[in-house]
Amino acid sequence: MLQDLRLPDDESPVYRRLADAIAERIAAGTLAVGDRLPPQREIARALGINVTTVTRALSTLQEQGLLEARPGRGTTVAARDVGEKPGFVSSPSDQSGIIDLSVNRPATTAYLDAVAALLPRLPKDRHYAALQDYHPPEGPLWARVAVADWFKSVAGDGDPGRVVLAAGAQHGLDGVLGAVTRQGEVVLADEVTYQGINALCRVHGLDLRGVAMDRAGMRPDAFEGACAHLRPRAVFLVPTLQAALDDWRRISPHLAAMAESLENNAVPSARFHEHDAHSPLPRAYQWADGSAYVNHVELVRKARGAEMPASFWTDPLIYQGGSDSFIPPRDPIRMADEAFGIDMEAEVAVIVDDVPMGAGPDQARDAIRLVMLVNDVTLRAITGPELAKGFGFFQSKPSSAFSPVAVTPDELGDAWDGGKVSLPLLADLNGKPFGRADAGVDMIFDFPALIAHAARTRPLAAGAIIGSGTVSNKLDGGPGKPVSAGGAGYSCIAELRMIETIERGEPKTPFLHFGDTVRIEMKDKAGHSIFGAIEQKVEKYAG
């Protein structure tokens with residue numbers, strides 16, 4: 001039955017090649033269930049190899065469940081459970097053969113159900129007795145064989161002798177750093193990276209250095225320069241949010257499982273300091289801002305003595321913002337001159353998945369992936385002259401700032417109706433309430449309408465950001481009032497100045513000065529911050 005057996009001609013160990021050759025005959029049916037293999041010495045003599053090599057190959061096949069050895073019967077082909085799925089699966093999944101090494105085992109409902117179903121079967125498992133023993137530091141052989149087989153299926157090479165099992169990602173990273181680095185050596189990482197690598201580098205006495213990124217991750221030219229000047233020992237890379245958005249349907253279940261595990265304290269975690277965080281997307285493929293609160297536009301035009309076209313109530317306004325260099329939510333707003341008329345604009349924004357050209361509102365609604373806040377910084381003294389040219393905003397719209405946290409719409413509960421957020425948007429100026437407008441009130445065009453409008457003549461790529469425009473509420477059908485006067489206030493200074501102009505003939509409230517501080521935030525009904533805060537001080541740009 002092993003006549004004319006030939007070992008594969010490759011560089012893998014001899015025992016692996018022998019095990020693979022026998023496994024192929026079992027898979028082809030040449031070796032059937034119950035067939036007995038020749039004695040090990042006979043196999044060794046026929047192939048001209050050592051008996052211990054044959055023993056290791058047959059042991060590997062036993063660990064895989066392909067062979068079984070019983071006293072008096074020798075080694076025979078084992079019966080396989082036809083209901084058993086092939087491949088090594090690390091967590092409950094609709095797909096077999098997948099290992100997710102990105103997170104520790106999540107305490108999800110699906111996982112707990114799988115454990116409950118597994119426990120009655122556990123005493124019947126051939127490894128049950130071994131599971132009760134102490135294992136070697138590298139892990140039990142049968143488990144390492146399973147991992148090695150998976151590596152071979154995806155990478156063409158797998159040797160259990162080179163596999164070490166880790167108790168989670170952090171343990172694995174600790175082992176890798178301990179194996180390949182020495183105290184004082186340099187490790188490179190993205191400038192925005194996983195906090196766990198920072199902690200491990202401190203423990204190992206390593207010099208962790210951040211490398212500049214672009215929308216695809218670590219910049220190759222920056223990496224090349226860092227290698228030339230710092231001579232790093234290792235590089236640590238993590239995916240970005242943009243990478244998740246590019247493959248959202250596959251990645252989002254894993255992110256949801258991770259979130260559930262964190263909420264249930266089922267995995268190790270570190271405190272998140274939103275004060276130190278950048279925006280979820282430090283830059284984006286597209287940033288398009290609408291004007292969904294037509295009340296705001298109406299006030300601006302009324303203050304200028306301009307008529308309001310009827311189409312403004314039926315056709316959204318959208319402008320193309322700059323998306324290559326957003327301001328971090330706690331970084332200052334730096335401008336060269338106060339005379340630019342520096343203003344804040346508190347808004348809500350959504351991040352979308354791919355949206356095809358011509359998508360309708362329902363399709364647009366289904367594409368909304370994340371929600372966040374915006375400070376759409378505007379230079380009012382430049383806005384008028386730019387618009388007068390009839391070619392739209394550019395210099396009057398410098399870099400915007402987004403909240404440190406973006407959330408999936410389901411996290412908003414009943415405050416999200418599929419198209420807008422019905423919660424007050426809190427805007428403070430120098431520590432005092434300036435605006436408390438409800439983002440769900442007087443929003444003439446909801447986000448699906450804005451997205452569909454933006455996609456009318458072009459597709460939107462995953463990661464594109466769509467803004468609501470300045471949140472603005474009327475009061476009894478007329479202009480709003482300041483918070484100090486019992487009103488909902490304003491989300492930008494320009495709106496207050498327009499009302500002052502309408503009522504008094506001229507504005508009295510100045511735009512932002514150097515030294516002023518703006519804070520934008522939204523809280524849930526329990527008073528908890530949802531997105532973290534955008535808090536920025538206005539500073540003079542020194543060049």
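**Note on the predicted model**

1. Strand E16 (residues 426–429) pairs with strand E17 (residues 432–435) in the antiparallel sense, over 3 bridges. Two strands count as paired if DSSP finds at least two bridges between them. Helices (H or I, at least four residues) and strands (E, at least two) are DSSP runs, numbered from the N terminus. Aspartate 428 has proline 433 in E17 as its bridge partner. The two strands, E16 and E17, form a hairpin with 2 residues between them, and asparagine 430 in the turn has a positive phi of about 55°.

2. This is a predicted model, in which local features need pLDDT of at least 70 and side-chain atom pairs count only at pLDDT 80 or more, while totals for chains, interfaces and linings use all residues. Residues are numbered from 1 along each chain as its sequence is written, and side-chain values use heavy atoms, with hydrogens and water left out.

3. Strands of a sheet pair through backbone hydrogen bonds, either parallel or antiparallel. An open sheet of 3 strands has parallel pairing and the order E4-E3-E7. Its edge strands, E4 (207–211) and E7 (234–236), each pair on one side only. Neighbouring strands of this sheet are turned by 30° against each other on average, direction ignored. Axes are lines fitted to C-alpha atoms, for helices over the stretch in contact, and angles run from 0 to 180 degrees between N-to-C directions.

4. Strand E3 (residues 186–190) pairs with E4 in the parallel sense over 5 bridges. Within E4, glycine 210 stands opposite alanine 189. Helix H9 (residues 220–230) lies across E3, E4 and E7, and runs at about 170° to E3.

5. Helix H2 (residues 40–47) packs with helix H3 (residues 51–63) at an angle of about 115°, and their axes are 8 Å apart. The contact (heavy atoms within 4.5 Å) is made by Gln40, Arg41, Ile43 and Ala44 of H2 and by Val51, Val54, Thr55 and Leu58 of H3.

6. Which residues touch the most other members of the largest nonpolar core? They are Val350, Ile451 and Met522, in a core of 69 residues. A nonpolar core is a set of buried Ala, Val, Leu, Ile, Met, Phe, Trp, Tyr and Cys residues joined through side-chain atoms within 4.5 Å; buried means under 20% relative accessible area, with a 1.4 Å probe and protein chains only. A second, separate core of 20 residues includes Ile26, Leu31, Val54 and Leu66.

7. Leaving out residues up to four places away in sequence, valine 350 touches Ile368, Leu370, Val371, Trp416, Phe447, Ile451, Ala464, Ile465 and Ile466.

Definitions and conventions:
Buried < 20%, exposed > 50% of the residue type's maximum accessible area, 1.4 Å probe, protein only.
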